[in-house]
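Here is a short walk through a structure. Keep the 3D view open and follow along step by step.

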Amino acid sequence: MQTVKQTSPYIRKDVSTKRMMIDVLIALIPVVAFSIYRFGFDAILRILVSLIVMIGLEALIFGITHKPAKLEKRWERIKSRYVDYTINNITAPAISAIIFAMIIPSKLPIYAVVMGAAFGIMIAKMLFGGLGSNIFNVAAAGRIFIALAMTSMFDGTYVGVDLVAGGTALTSLRSGLGFPGVLASYRLSELFFGFIPGAMGEISAAAILIGAAYLIIRKSADYRVMLSTALTFTVLMFFAGLKLYPDMTIEYVLLQLFSGGLMFGIVFMVTDPVTSPITRPGRWIYGLLVGIVIVLIRLFGAYPEGVAFAILFANMFVPLIDYPKWSTNKVKPAFIAGFIVLLAIFSLVVFFGVGGTV
Amino acid sequence: MIAKTKYIPDGKKELKELPILHYLDADYVYYPVTSARCPEGETCVRGGQFVKVGEIVGTRKGAFFEQPMHATVSGEVVGYEKHIDNSGKVVDCLIVKNDRKYELHPSIVDRSDEEIAALQKQDFIQIIKDAGLVGLGGSAFPTYIKLETNDPIDVVIANGVECEPNLIADYSLMMNNPREVIKGLIYAMKASGAKRGVIAIKKKYKEIEERLKFVLQEFTEHDIKVETVGNYYPQGWELAMIKNALGIKIPQGELLSKYGVLNFNVSTLQSIYNAVKKRLPVLERLFTISGDGVQNKSFRARIGTLVTDLIELAGGYKDEEQPKVMVLGGPMMGTNIQRDDVVMTHTTTSLIVMNEKKEKEEPCVHCASCVYSCPVQIQPVQIMNAYKTKDKDALKMLEVNKCIECGLCSYVCPSKIHLTEYMRLGKRLAK
């Protein structure tokens with residue numbers, strides 16, 4: 001009988017990275033289904049293009065970056081580069097691809113879709129070392145790249161824009177009707193169920209919440225980042241609403257919550273474990289950071305929307321949050337106090353800072 | 001998934017139902033001359049000499065203590081052979097041929113209750129030292145050293161948690177011999193001057209709680225309580241158990257006695273009872289064979305029995321063509337062995353034989369399951385990264401030395417990364 005050398009522990013829990021990724025794909029189903037229902041073939045085409053580009057490029061670069069074994073036949077050598085290629089090298093880019101497709105508008109030229117997906121997978125992921133090593137959220141990086149490099153291609157790509165409003169809820173809030181006029185064009189129920197113009201997957205808060213519930217029940221995403229981001233955003237927006245529209249604060253906060261990429265970003269992008277800190281307090285701080293930056297961009301920035309920017313910005317601080325000298329998994333009183341103080345400071349900044357037509 | 005893991009399926013239910021086979025008369029019994037704690041040792045018997053049960057056959061020498069070895073059968077000393085001890089090392093073993101008469105050594109006579117009542121702290125320590133008692137929970141730390149402390153002891157706690165999966169030795173002891181455990185606890189309280197005694201067991205063992213409480217009615221003059229703690233892993237870790245059973249938070253690295261606490265495994269307490277009342281050393285233990293690669297069975301066997309014999313008696317291995325992983329102890333913290341000719345020592349209570357399951361290591365996705373699950377609140381994934389870059393300062397900042405090697409980080413990792421091994425390597429590097 002043959003015995004094997006191992007070190008303790010000798011048993012493992014029945015969980016796998018594969019299963020976690022498939023859970024995210026399952027959670028994306030309602031969102032994808034709704035986008036196909038709303039935008040039909042446009043949505044299917046862009047999702048497929050994005051999937052092919054991301055999975056294909058990941059496979060290609062994976063092969064290039066892995067050393068082949070010394071073998072006779074050319075085909076055997078190529079195959080030996082893919083010894084470590086697993087299902088995770090398909091599901092992970094598939095998640096990124098679908099998320100990327102969900103945060104672009106339905107009429108965006110295919111060229112821009114290809115460029116964004118390629119930038120995301122090549123520069124933001126494979127260049128850093130592939131699965132588990134990327135610093136920036138892949139989909140957000142791709143989205144920001146095309147938003148900055150091909151700004152004009154986005155003109156007129158949003159379907160279902162209200163003629164009176166003249167733009168999506170957030171653009172018209174900023175430079176058109178303003179609040180509360182925008183509520184006449186886009187009612188809160190429409191915002192919640194997704195019958196508004198916007199990026200393909202971001203519009204329906206209802207579909208996103210179904211996915212969120214699934215992720216939390218399966219524990220495949222950390223509720224802490226979701227909660228922390230949502231809490232920060234709501235609190236800060238509440239103070240903005242209190243200052244600007246004291247009579248309609250609740251409506252203002254709800255409009256801000258359901259419009260733009262906020263819900264989608266909170267559920268599917270901020271929760272990406274690879275680009276999150278690895279401690280409990282770290283994840284709360286990360287969510288706080290994302291929430292603050294979204295609010296600052298929406299209220300004071302040059303763009304109407306800032307979820308992707310905020311996520312990339314917070315991604316940069318993850319190594320700092322995780323720095324061994326102060327990272328700890330204990331939830332200490334000092335951390336709770338610090339969190340509340342930061343939230344209070346930015347609430348004041350927002351309260352005294354906002355004004356005008358925002 | 002991304003959450004704290006506390007429960008591990010323990011597989012004890014099936015094992016508890018196994019019939020216990022009494023196998024107390026092996027033809028030959030073996031006594032390792034050295035052990036993991038005692039790198040040196042010598043025997044004081046000659047080949048051909050006749051020894052009796054309880055007779056001292058040699059002494060093992062550790063860094064700051066000596067430990068006598070006792071014969072557990074009567075018979076003739078026939079020589080030496082090399083076998084594996086419970087740390088997986090090959091050691092010299094003294095062989096005694098069992099004559100199956102089990103004649104007791106003349107020194108082994110019961111103490112009367114009056115004699116015991118007259119014993120002082122120093123007497124208890126001497127008795128325990130002479131009986132060679134060690135921590136039977138697995139540490140094999142000499143028991144008398146714990147009792148020698150000069151700190152005032154307020155409470156003696158009996159650890160009956162046994163949180164590792166597949167282990168049932170303490171469970172069946174508390175079920176079958178609760179009186180001996182309680183009397184041992186009373187002696188330990190007397191020896192240390194503690195007023196209180198606490199027996200800590202798992203919440204789900206309702207039957208043990210009832211049994212202990214029923215028996216405790218006979219000992220109402222002593223302040224002994226049964227405390228239940230959660231069914232988690234690693235609840236049997238003494239600091240976690242003391243925190244939950246007594247509410248005393250003891251920082252890592254501090255001596256328990258400074259906080260007025262003494263902790264003994266329930267099996268150790270039973271051995272204290274036997275040493276004080278009957279002047280007997282540890283003669284036999286419950287030994288369980290479990291796992292999917294072998295016929296499962298429980299035995300009562302003498303210290304010194306060869307495990308090979310027990311495996312044969314149980315019915316041998318299953319699926320011989322498959323590679324096996326053999327573990328002494330529990331599946332989370334046990335010792336891996338390559339051969340099955342292990343000699344049963346005081347702390348050997350379980351052999352697990354598993355068919356090998358190959359796990360492919362995937363890249364870490366920073367899910368932080370290991371960080372959330374760590375019972376000592378350190379960050380395994382960061383320690384792994386620091387070890388890979390050989391960053392000693394970071395390892396120290398991350399307090400790798402706090403790691404108790406409970407194995408949870410490897411257990412929960414969805415990418416099947418062997419984090420516990422990185423913890424061990426990190427500890428060695430940070431030294």
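Predicted model: local features only at pLDDT ≥ 70, side-chain atom pairs only at ≥ 80, totals over all residues.

Start in chain B. Find helix H12 (residues 380–388) of chain B and helix H15 (residues 419–430) of chain B: their axes come within 9 Å and cross at roughly 55°. How are H12(B) and H15(B) oriented to each other? An angle counts as roughly parallel under 35 degrees and as roughly perpendicular from 65 to 115. The crossing angle here is roughly 55°, so H12(B) and H15(B) are oblique to each other. The crossing of H12(B) past H15(B) is left-handed.

Now look at the side chains along this crossing. H12(B) brings B:Pro380, B:Ile383, B:Met384, B:Ala386 and B:Tyr387 to the contact. H15(B) meets them with B:Leu419, B:Tyr422, B:Met423, B:Leu425, B:Gly426 and B:Leu429. Sort these residues by class. Ten are nonpolar, one is polar and none is charged.

**Chain A as a whole**

Move to chain A. Chain A has 16 helices and zero strands. Its C-alpha trace spans about 80 × 50 × 30 Å along the principal axes. How does the radius of gyration of chain A fit that of a compact globule? For 358 residues, such a globule would have a radius of gyration near 21 Å. Chain A has 22 Å, so the two agree.

**Two domains in chain A**

Domain 1 covers 18–159 + 198–221, and domain 2 covers 222–358. Taken over C-alpha atoms, the centres of domain 1 and domain 2 of chain A are 25 Å apart. Where they touch, domain 1 of chain A gives 24 residues and domain 2 of chain A gives 20 residues.

Which helices build the domain 1 side of this contact in chain A? Helix H4 (88–102), helix H6 (138–149) and helix H10 (205–218) of chain A each supply at least two residues. H10(A) gives the largest share, with six residues. By class, the side of domain 1 of chain A that touches domain 2 of chain A has 17 nonpolar, five polar and two charged residues.

**Where the chains meet**

Finish at the contact between the two chains. Chain A puts in 37 residues, and chain B puts in 46 residues. The side of chain A that touches chain B holds 13 nonpolar, 15 polar and nine charged residues.

Technical notes:
Residues numbered from 1 in each chain as written. Chains lettered and ligands numbered in written order. Axes fitted to C-alpha atoms, helices over the stretch in contact; angles between N-to-C directions. Helix = DSSP H or I, 4+ residues; strand = E, 2+ residues; numbered from the N terminus. Parallel < 35°, antiparallel > 145°, perpendicular 65-115°, else oblique. Left-handed = near helix turned anticlockwise from the far one by under 90°. Contact = placed C-beta atoms within 7 Å. Nonpolar A, V, L, I, M, F, W, Y, C, P; charged D, E, K, R; others polar. Domains from an automatic or database assignment. Rg over C-alpha atoms; globule rule 2.2 N^0.38 Å.
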